[in-house]
Amino acid sequence: MRRCFDVNSSTDFDTAASQLRESTHIKRFLSTYFARPSNTTFRALARHNAQIIKCLAQSSYSYIIDSSKELTRSLFLAKFENNCKIIYLTRHPANILDSVYRRLDNGSGEKFLRRRYRPTKLYFPFLLLSLFSWIAGHALFLLTYRQRPAAFLIIRYEDLILDPVNELTRIENFTGIDLERAKNNIRHGHHFDIGCTIAGNAFRHNKQFCFNPKKAHIRHLPKRYTFLAAFFAFPFLKKFGHI
């Protein structure tokens, strides 16, 4: 793919990849939001993106999945890449805070703006920061969604865990990708292999995973944080179907 890109583009692959990566940072959100189609910088980024897609399309794969979690990336795709489908995964903020709390408690720390922090005792500022990051993220998503509503599908994380077959059917209908094999694996309790082990969280080291809707989730988060999440995020909880 790298060779294909370098041959067919006036910019080398490393430079283009670096520019695309930098363009996904949240600090680029407003400039991306207000960018006009004629903007030379964003036209160049769109060309890089299109060339990468073109080179990947020469492989034996039928679909390209961009697993980026950056809102600015989805905004860029919604504005400058017409042939894409974007799935927005939303999770109840109390469950987010529970995950953050457990990571802080076991010493693995919390990542914010591409930096990792490992406090030893004072968790409150980081939990509050995570909560307001959730609120800000959902507010920015609503701005992103307005760019091209038909390009987006909203999935609740809790629904995906409790009824994965139904949610995969929604994804199947939205993307036009046949997911029957995946749904059958879930129905029969078969494991899925984890293909990418280069990046991601520690879950990737398990090599396999299995959807188990019956497996209960026990929150370790103190109740005061659950109350804070419900209080401050209430408008978004209602908007995204969490209540």
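Which cysteine does a disulfide join to Cys4? The partner is Cys55, at an S to S distance of 2.3 Å, where a disulfide means a pair of cysteine sulfur atoms within 2.5 Å. This is a predicted model, in which local features need pLDDT of at least 70, side-chain atom pairs count only at pLDDT 80 or more, and totals for chains, interfaces and linings use all residues. Residues are numbered from 1 along each chain as its sequence is written, and side-chain values use heavy atoms, leaving out hydrogens and water.

**The cysteines**

- A search of the whole structure finds one disulfide.
- Cys4 lies in helix H1 (residues 2-8) and Cys55 in helix H4, 51 residues apart; helices here are DSSP runs of H or I with at least four residues, numbered from the N terminus.
- The torsion about the S-S bond of Cys4 and Cys55 is about -80°, so this disulfide is left-handed.
- Cys4 is buried at 16% relative accessible area, and Cys55 is buried at 6% (buried means under 20% relative accessible area, with a 1.4 Å probe and protein chains only).
- Cys84 is also buried, at 15%, but its sulfur is 19 Å from the closest cysteine sulfur, in Cys55, too far for a bond.

**Two packed helices**

- Helix H2 (residues 13-23) packs against helix H4 (residues 40-56) at an angle of about 115°, with axes 10 Å apart; the axes are lines fitted to C-alpha atoms over the stretch in contact, and angles run from 0 to 180 degrees between N-to-C directions.
- Phe13, Ala16, Gln19, Leu20 and Ser23 of H2 meet Leu45, His48, Asn49 and Ile52 of H4, contact being heavy atoms within 4.5 Å.

Note on methods:
Buried means under 20% relative accessible area, exposed over 50%, partly exposed in between (1.4 Å probe, protein chains only).
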